[in-house]
Amino acid sequence: MGKWGVLGATVALARAAVTIKVWQEVERLPAAQVDAGPVTVVVPARDEERAIDRCLNGLRKQDYADLRIVVVDDASTDRTADIVRRHAAEDPRVRLVSSSGPPSGWAGKVHALHVGTADVDTDWLLFMDADTEAAPDLVGRLLAGARRDDLDLVSTSGRAARPNAGWWLLLPPVNQLLFETTTVDGRRGMALAVGHCILVRRTAYERAGGWAAIAGSRADDVGFATLVRDTGGRTRYVDGADSLTTTGLDTFGATWASMRKSMVAGTSLYAKGPASAFLSLGSTGLAHIAYGVVPVVTALRGSKLGLLAWVGQSLAEWIFLRRSRQRQSAAVLAPLAYVTFGAMSLEAAWQALRGTTRWKGRDVRG
């Protein structure tokens, strides 16, 4: 197999061990709910006519006594605002706020979230993506998780509304990279959060300076959680996928586009300029393609270490698929997942260099 093969197998096993260890640290939300007083949910929505109805139906059905729901229409060009108005007419807890879009220096989603928090005086703020659908117990369980661990910020990601290959071939490597570059409890490095769902104590939000403190950030979830942590708050990423789904990743194409956008946006945390982003994303892509190919090639040539590396990669993917309620047998495709993710990263690198990565009509890197 040679020294490079041995090194590759060792790296694969080490990464798998780290991923599995971190998943053990990701606590599930408590089954029982708690009431912690009024909660304001803020939903930024730009051209979300296909998703916003399900999102609001889920929020309106919450088993929670005092819930206020603010939807910020972020200069939509479709029927998003009309759908929200219908919900507001049916339910006085729902309020529509209109935004003409972000001013110079602001990212679109961050500005919409900032607008949605104006004049909010509840003790807790819950930021939800428009393409999510909450089970009736979500809010109460999030608050129970915050109380259990004495947290100022709790975040969870949604599971797929329906299974698709994007969850087998793109999201496991993304999950692994997140676990390697952030921490679920925010104790070191960057603090992990996912924009699908972020609950924060209002006092911690204000102490951190709110969304205005990261006005231009395109990596708003990790950036916001890290800001809350750096200003004295306690944060944690939790497993609440049994109470939250997302329709934004329902197809392989949608997952590819979303992850490509997130990869380019994420480089804004450390890469300065298109050339730096290109080199970072390009090297990530090539490394992951090699990372997926080498174990398979060496295993097919009879190498036990190559086979062991393949098994290690599959174990890391298996625990992700189990936690995200996906088909666990797809874990055997782990090497293909790294190759697919590598190809997506190469496309992201090219788009970052050309400045052509756009999301809902806006430049991802600003």
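These questions and answers look at helix packing and strand pairing in a predicted model.

Q: Why are helices α2 and α3 called roughly parallel?
A: The axes of α2 (residues 52-60) and α3 (residues 80-90) cross at roughly 25 degrees. Angles under 35 degrees count as roughly parallel. Therefore α2 and α3 are roughly parallel to each other.

Q: How do you know that residues of α2 meet residues of α3?
A: Contact means heavy atoms within 4.5 Å. I52, D53, L56, N57 and R60 in α2 meet T80, I83, V84, R86, H87 and E90 in α3. By class, this contact has 4 nonpolar, 3 polar and 4 charged residues.

Q: What makes β3 and β11 edge strands?
A: The open sheet of 7 strands runs in the order β3-β2-β1-β4-β10-β6-β11. Strands β3 (94-99) and β11 (235-237) each pair on one side only. That makes them the edge strands.

Q: How do you know that β2 and β3 pair?
A: Two strands pair if there are at least two bridges between them. Here 6 bridges join β2 (residues 67-74) to β3, and the two run parallel.

Q: What is the angle between α3 and β3, and which strands does α3 lie across?
A: Helix α3 lies across β1 (39-45), β2 and β3. The helix runs at about 155 degrees to β3.

Note on methods: Residues numbered from 1 in each chain as written. Predicted model: local features only at pLDDT ≥ 70, side-chain atom pairs only at ≥ 80, totals over all residues. Heavy atoms only, no water. Axes fitted to C-alpha atoms, helices over the stretch in contact; angles between N-to-C directions. Helix = DSSP H or I, 4+ residues; strand = E, 2+ residues; numbered from the N terminus. Parallel < 35°, antiparallel > 145°, perpendicular 65-115°, else oblique. Nonpolar A, V, L, I, M, F, W, Y, C, P; charged D, E, K, R; others polar.
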